Amino acid sequence: MQQADLDEDQGKEQLNGQRRRPVDTTRPATVAAVVCPVATGTRGEGRDRETRLAEAVGLARAIDLDVRLAEAVPLRRPTPATLLGKGVVERLREAVEEQAIGLVIVDDKLTPVQQRNLEKAWQAKVIDRTGLILEIFGARARTHEGRLQVELAALDYQRGRLVRSWTHLERQRGGFGFLGGPGESQIEIDRRLIGERIVRIKRDLEGVRRTRSVNRAGRRKARLPTVALVGYTNAGKSTLFNRLSGAEVMAKDLLFATLDPTMRAIKLPNGQGCVISDTVGFVSDLPTHLVAAFRATLEEVIEADLIVHVRDISHPDSERQRLDVEAVLHELGVSEEGAESRPMIEALNKIDALTDERRETLEARCATGAERARQYPVSAATGEGVEALLEAIGDILGRASETREVAVPLSDGATIAWLYRHGEVRSRHDDGDLARLTVALDPAASAQLERRLVEQRPVEH
């Protein structure tokens, strides 16, 4: 056992030594460079170079990094060893050394080998886009559920990077007793420990899913429909959520300012109640395992009665962002086939940032064009257009309701109050000792009303 402990200590020293060698620890890790590889061919086509670079810098600054160098570099053909070409790597090495940069963010996917080779070449810590997003998520998670989801995504990411990352992982440990044999290699131990932790986290998150399912069942029983706000990160979802609900969710000009979901009950202009939820923002090239890790949170979107896609209409890449959000929704199972059961409308946010000409064109198009009743120009910051959006939400949720005429004795105040509480009373006329109401009820409430009326009918003898 003493020899095994000694081997373990030596293994840790070897790992630490190998991690230190490619990184100059005298450089502060908060001083960063952002390198954005931009394909000159079809790879990555469709997104503006400057917009991509600005987003990558915004992601870095979201965790308070001091970005000293930001550059979009052309990428004709990925290099297996370093992704970037030899000349680009050498030129960036000089810039990194000159500005004492301790962290380089490559806004692309890096293999473990590419990451290690770039660290050796630049003498600085290197992370890719996925690693950066995981760092942001880890800094933003506040609830137990959020931290579990971040850890699950991080472990899944780490498990794929054990292969050939460090030579000590291939060294085998001795077995126990006389029958232990050569034992496991360090990489097998690490994989097993990560696998066991992933199983435990998934089990905990399954409990979260069950709790959310119970909560949704309670809302359905109380006939409270759910409206989910989705959108690209920094599109203004949290600001709009605060405007609609009167809540005080953190809303800043910051990517991924909100990570943990928030829900509030609100009253619509037609008197109908609903629950509105603010979810994590999406981003381009969001890794699949991140979507899988946050499925417990995003189930609120899947189960919503109405999805409001909040778009930053003032952003130069707004249309491309729309496609990115729709791609994630499709991955979650929210597709055109489900549009009838989960209608979706767009809140075109930040109209206050548009020029007068662009704003007039947008408002005219939404009022008369094909987008009418599907797109609603709003400004979450000033409140413009928000009332019209709320009315549209009420109309859409009300379409699923059945309108019927009901005659209730005026003496039955409990039933009249029940109708006002569980339905949308559109008209009322008192005729003698009867109250005649036109009321919109969802199928469950309509069935409950039938039972209520049957129970109150006098029994014939």
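Asp-433 is exposed, with a relative accessible area of 58%; here exposed means over 50% relative accessible area, buried under 20% and partly exposed in between, with a 1.4 Å probe and protein chains only. Asp-433 sits in the loop that joins strand 12 (424–431) to strand 13 (434–441). Helices (H or I, at least four residues) and strands (E, at least two) are DSSP runs, numbered from the N terminus. When neighbours within four places in sequence are left aside, Asp-433 is in contact with Val-408, Pro-409 and Leu-410, where contact means heavy atoms within 4.5 Å. Asp-433 and Pro-409 are 24 residues apart in sequence, and their C-alpha atoms are 5.8 Å apart in space.

The model is predicted, with local features requiring pLDDT of at least 70 and side-chain atom pairs counted only at pLDDT 80 or more, while totals for chains, interfaces and linings use all residues. Residues are numbered from 1 along each chain as its sequence is written, and side-chain values use heavy atoms, with hydrogens and water left out.

**Overall composition**

The protein has 15 helices and 13 strands. Of its 461 residues, 48% are buried. Among contacts between residues at least 6 apart in sequence, 69% join residues at least 24 apart.

Six strands form an open sheet of mixed pairing, in the order 6-7-5-8-9-10. Two strands pair if DSSP finds at least two bridges between them. Strand 6 (262–267) and strand 10 (375–377) stand at the edges with a single partner strand each, so one side of each is left without a neighbour in the sheet. On average, neighbouring strands of this sheet are turned by 25 degrees against each other, direction ignored.

Strand 6 and strand 7 pair in the antiparallel sense over six bridges, and Ile-266 stands opposite Cys-274 in strand 7. These two strands form a hairpin with five residues between them, and Gly-271 in the turn has a positive phi of about 90 degrees. Strand 7 (residues 273–278) is also joined to strand 5 by four bridges, and strands 5 and 7 run parallel. Val-227 stands opposite Ile-276 in strand 7.

Helix 11 (residues 318–331) packs on the sheet and touches strand 5, strand 8 (306–312) and strand 9 (344–349); its direction makes about 150 degrees with that of strand 8. Helix 12 (residues 356–368) also packs on the sheet, touching strand 9 and strand 10, and its direction makes about 145 degrees with that of strand 10. Axes are lines fitted to C-alpha atoms, for helices over the stretch in contact, and angles run from 0 to 180 degrees between N-to-C directions.

Gln-321 lies in helix 11 and counts as buried, at 7% relative accessibility. Apart from neighbours within four places in sequence, Gln-321 is in contact with Tyr-232 and His-315.

**Helix packing**

Two packed helices are described by the angle between their axes and the distance between the axes. The axes of helix 5 (residues 129–140) and helix 6 (residues 144–159) come within 10 Å and cross at roughly 155 degrees. That makes helix 5 roughly antiparallel to helix 6; angles under 35 degrees count as roughly parallel, over 145 as roughly antiparallel, 65 to 115 as roughly perpendicular and the rest as oblique. Helix 5 contributes Thr-130, Gly-131, Leu-134, Phe-137 and Gly-138 to the contact, and helix 6 contributes Val-150, Ala-153, Ala-154 and Tyr-157. The residues of this contact divide into six nonpolar, three polar and no charged. Ala, Val, Leu, Ile, Met, Phe, Trp, Tyr, Cys and Pro count as nonpolar, Asp, Glu, Lys and Arg as charged, and the others, Gly among them, as polar.

Helix 8 and helix 13 (residues 386–399) have axes that come within 11 Å and cross at roughly 75 degrees. That makes helix 8 roughly perpendicular to helix 13. Leu-240, Arg-243 and Leu-244 of helix 8 meet Val-386, Leu-389 and Leu-390 of helix 13. By class, five residues of this contact are nonpolar, none polar and one charged.
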